[in-house]
Amino acid sequence: MQSLIGLALAFLTLIAWGAGDFFIQRSSRQIGIWKSLFAISFFGTIIPLPFLIDRIALIWDGTTGLLLLSTLGFVIFLAALFEFEALKRGKLSIIEPVFGLEIPITLGLAVSLGFDHITLLQQMLVLATGIGVVLAVIDRRNTRTRKYSFEKGVILAGIGAAAMALTNFLTGVGSREVDPFATIWFINAFLSAASLAVIIIQRDFHFLRDIRTFYGSILGESIFDNLAWFSYAYSMTLIPISISTAITESYIGLSVLIGVFANRERMEYWQIAGVMLTVACIVGLSATLAN
């Protein structure tokens with residue numbers, strides 16, 4: 001029974017992350033990345049608070065846990081900044097496969113720090129992922145001169161993926177040292193405070209007006225993104241991490257489909273091939289991580 005619940009939560013995470021990134025893209029374009037980030041993180045701080053009081057108390061049991069989570073909060077703040085800006089500027093169908101680079105980067109980080117080793121199969125999947133991403137991000141800007149360039153937001157997405165790889169590593173350590181749900185709550189609280197500070201510094205005090213105007217996008221990103229994080233954390237307590245990760249990382253494919261059909265984004269034939277190769281390799285690589 002626990003396995004079935006874990007699988008259901010993993011598939012829920014897949015859907016929620018795909019929908020969440022779609023609404024994040026819309027919201028970032030409508031109200032800006034800082035207010036979009038604040039809406040998500042504030043929602044994730046306040047709504048689960050009554051259910052996590054006992055777990056949150058674990059954060060302050062020692063200085064090590066608080067220092068670790070503060071470092072994590074700063075890193076994920078930078079990651080969110082780059083990823084939100086990438087979604088704001090680029091195509092969902094192109095940016096999402098680049099985000100998927102966080103998986104091979106996370107693996108490389110674990111290997112370089114001596115926490116893991118990489119198999120021949122994983123080496124081949126990492127190489128194929130890189131090839132797929134290169135194909136996906138190249139756009140033909142001028143059909144007459146046949147000049148090629150990178151899609152908008154790709155470099156930002158790559159930096160965001162690297163930062164998210166470090167975030168994944170620190171989140172794993174924080175979940176073990178403190179508590180998985182307390183760690184996610186602290187991340188939301190940190191992001192909420194940091195993004196609110198930026199909004200105040202910029203003297204952008206039209207948030208209530210933005211809520212009334214774009215409440216659909218704001219509510220959509222807040223619900224789906226937070227639902228994804230909490231269901232992902234809980235699914236990993238019921239089923240093997242490799243299975244949960246392999247299922248949830250398939251959200252990249254869902255996001256690509258949303259970009260193509262909902263946003264009507266056009267892709268060249270080599271970009272389609274690159275996206276398909278990237279998604280397949282990321283899912284395959286995710287399934288091997290536990291080994």
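How are α9 and α11 oriented to each other, roughly parallel or roughly antiparallel?

1. This is a predicted model, in which local features need pLDDT of at least 70, side-chain atom pairs count only at pLDDT 80 or more, and totals for chains, interfaces and linings use all residues. Residues are numbered from 1 along each chain as its sequence is written, and side-chain values use heavy atoms, without hydrogens and water.

2. Helix α9 (residues 180-201) and helix α11 (residues 215-235) have axes that come within 10 Å and cross at roughly 160°. Helices here are DSSP runs (H or I, at least four residues) numbered from the N terminus, and axes are lines fitted to C-alpha atoms over the stretch in contact, with angles from 0 to 180 degrees between N-to-C directions. The two helices, α9 and α11, are therefore roughly antiparallel (angles over 145 degrees).

3. In this pair, F181, I184 and N188 of α9 meet N226, W229, F230, A233 and Y234 of α11, where contact means heavy atoms within 4.5 Å. Six of the residues in the contact of α9 with α11 are nonpolar, two are polar and none is charged; Ala, Val, Leu, Ile, Met, Phe, Trp, Tyr, Cys and Pro count as nonpolar, Asp, Glu, Lys and Arg as charged, and the others, Gly among them, as polar.

4. The axes of helix α1 (residues 2-31) and helix α13 (residues 251-261) come within 8 Å and cross at roughly 40°. Residues L14, I15, W17, G18, A19, D21 and F22 of α1 make this contact with Y251, L254, S255 and I258 of α13.

5. F77 touches W34, L37, F190, L191, A194, S195 and V198, leaving aside residues up to four places away in sequence.

Technical notes: Angles under 35 degrees count as roughly parallel, over 145 as roughly antiparallel, 65 to 115 as roughly perpendicular and the rest as oblique.
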